[in-house]
Amino acid sequence: MTIKIRGFELPPLLEKFINDRVWGAKYADGRVNHHIIKIPDEMLKKSGIPAIDPLSTSNIDTLKFENTNEAWFPRKIFSSYASWRSAFPYYDSSKYRGEPITDSGILDIDKAIIIAGNISDDILCLDYRSNPPSIVAIDWLDQKFRTLAPDFETFAKGVGLID
């Protein structure tokens, strides 16, 4: 069964990890085990991101919840697209802008899926502006998104999830 979030198919290896409870497991009794991943210093250095705290992987329910339009652009807090953009200059919406977001440092929320995060607001996303989707994270010093890996399999190898 192919897992889709907001119409985007998850990479097959991520789907396998979710089904095998390697990534964000949820058990029948309701318990959740958010597996923790640490981005290796070498991967951070290559991307230009100085640091990312360990990340908690998202289970399927969390993936669905965190990737709603309301989670990305909460209209109860921001009355307009312009006020949201001024608060979060590293996010944009091709839907609201009316044209593709081509700056790789700005995450197009209409073409991204959050797959992990932490209490420090670090997030790991699939960026579907590329095919296959690349793995991106925010560089808080420059307030720009940077690519950690060109695809999920390369990312999984880099963090030691597969050989």
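## Aromatic pairs

The structure holds 12 aromatic pairs, where rings of Phe, Tyr and Trp (its six-membered ring) pair if their centres lie within 6.5 Å, and planes under 30 degrees apart count as stacked, over 60 as edge-to-face and the rest as tilted. This is a predicted model, in which local features need pLDDT of at least 70 and side-chain atom pairs count only at pLDDT 80 or more, while totals for chains, interfaces and linings use all residues. Residues are numbered from 1 along each chain as its sequence is written, and side-chain values use heavy atoms, with hydrogens and water left out.

Phe17 and Phe152 form an edge-to-face pair, 5.9 Å centre to centre with 65 degrees between the planes. This pair links distant parts of the chain, Phe17 in helix H1 and Phe152 in helix H7, 135 residues apart; helices (H or I, at least four residues) and strands (E, at least two) are DSSP runs, numbered from the N terminus. Trp23 and Phe152 are also paired edge-to-face, at 5.5 Å centre to centre and 75 degrees between the planes. Here Trp23 lies in the loop between H1 and strand S3 (25–26), 129 residues from Phe152. Both Trp23 and Phe152 are buried, that is, under 20% relative accessible area, with exposed meaning over 50% and partly exposed in between (1.4 Å probe, protein chains only).

Ring pairs also link Tyr81, Trp84, Phe88, Tyr90, Tyr91, Tyr96, Trp140 and Phe145 into a cluster.

Ser94 lies in helix H6 (residues 94–97) and counts as buried because its relative accessibility is 13%. Leaving aside neighbours within four places in sequence, Ser94 is in contact (heavy atoms within 4.5 Å) with Glu99, Pro100, Ile101, Asp108, Asp110 and Lys111.

Asn131, found in the loop between S10 and S11, counts as exposed because its relative accessibility is 77%. Asn131 and Asp151 are 20 residues apart in sequence and 8.3 Å apart in space, C-alpha to C-alpha.
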